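Trainee: Hi, could we go through this model together? I'd like to talk about cavities and ring pairs.

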Amino acid sequence: MLGEMTSVAALWGAVIVSGLYHGINPGMGWPLAVSAALMERRHKAMPKALAMLALGHFLAMIGILLPFSVMIALIQWEVEIRIGAGLLVIAMGCYLLINRRHPKILARVHPARLALWSFLAAMAHGAGLMLVPIYLGICAVGQEETGHLAAQSLMGDNIMTAFAVAAVHTLSMTLAGGLIAVVIYVWLGLKFLSRTWFNLDVVWALSLVLVGAFGIYAAKLGH
């Protein structure tokens with residue numbers, strides 16, 4: 001029981017940490033929140049922009065997690081599904097390592113449509129895929145107690161867990177990105193941002209490979 005609680009806490013901690021990591025990454029949109037506040041010259045523009053970015057990111061997370069919440073109900077294939085998900089995440093990371101160019105579609109989205117931009121950015125960068133091994137691990141914890149339930153009941157629990165994971169992750173992402181945006185807007189200014197721009201593309205791709213490998217390792221060990 002204690003080991004199971006520790007596993008649950010660790011996995012939910014990973015959900016929060018991945019959210020903070022996404023929030024720090026400028027590729028997830030916090031510079032657009034700074035830009036919106038500077039262009040409109042209103043403080044209120046920043047929280048509005050952050051809310052739209054959060055909405056798009058949340059929808060992207062749900063769009064990735066919900067199909068897996070349905071599949072994981074097939075308990076007899078649970079290990080295979082988790083291994084397949086891990087391989088998918090690794091493949092996405094390898095693709096991003098090879099192809100460093102940002103999707104052209106993001107440049108074509110109007111700056112006012114931040115929710116759509118955030119949704120497409122999260123999808124294009126595999127942000128939702130990073131959550132899949134963690135989410136499947138949460139669903140697998142305590143499976144002995146839930147394995148006798150009907151598939152419909154189990155599926156319902158997994159769907160609720162998917163929404164909870166997406167919500168917690170998006171909240172932590174928004175807090176991290178919002179904090180950076182506020183610091184730059186209020187104290188450091190746009191010139192500091194242009195001089196100290198950092199690119200996490202390689203780190204992002206490698207993190208996908210690591211998360212995918214961890215998901216496969218955990219599935220094989222039955223965690």
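Mentor: Happy to! A cavity here is a set of grid points where a 1.4 Å probe fits but cannot get out. Keep in mind that this is a predicted model.

Trainee: Okay, how many cavities of 30 Å³ or more does the search find?

Mentor: Searching the whole structure gives one cavity of that size. The volume of the largest cavity is about 70 Å³.

Trainee: Which helix gives the most to its lining?

Mentor: That would be α9, with four residues. Helices α1, α3 and α9 each supply at least two lining residues. Among the residues lining the largest cavity are H22, W30, L50, M173 and T174.

Trainee: And what classes are in the lining?

Mentor: There are six nonpolar and six polar residues, and no charged ones.

Trainee: Switching topic: how many aromatic pairs are there?

Mentor: The count is two aromatic pairs. In one of them, Y21 and W204 have ring centres 5.6 Å apart and planes at 20°, so this pair is stacked; the cut-off for stacking is under 30 degrees.

Trainee: Where do those two sit?

Mentor: Y21 is in helix α1 and W204 in helix α10, so the pair ties together parts 183 residues apart in sequence. W204 is buried, at 2% relative accessible area.

Trainee: What about F58 and F163?

Mentor: Those form a tilted pair, 6.3 Å centre to centre with 50° between the planes. F58 belongs to helix α3 and F163 to helix α9, 105 residues apart.

How values were computed. Residues numbered from 1 in each chain as written. Predicted model: local features only at pLDDT ≥ 70, side-chain atom pairs only at ≥ 80, totals over all residues. Heavy atoms only, no water. Phe/Tyr/Trp six-rings, centres within 6.5 Å; stacked < 30°, edge-to-face > 60°. Buried < 20%, exposed > 50% of the residue type's maximum accessible area, 1.4 Å probe, protein only. 1 Å grid on protein atoms, 1.4 Å probe; cavity = no way out; pocket = protein on both sides within 12 Å on 5 of 7 lines; lining within 4 Å. Points joined across faces, edges and corners; volume = space filled by probe spheres on them. Nonpolar A, V, L, I, M, F, W, Y, C, P; charged D, E, K, R; others polar.
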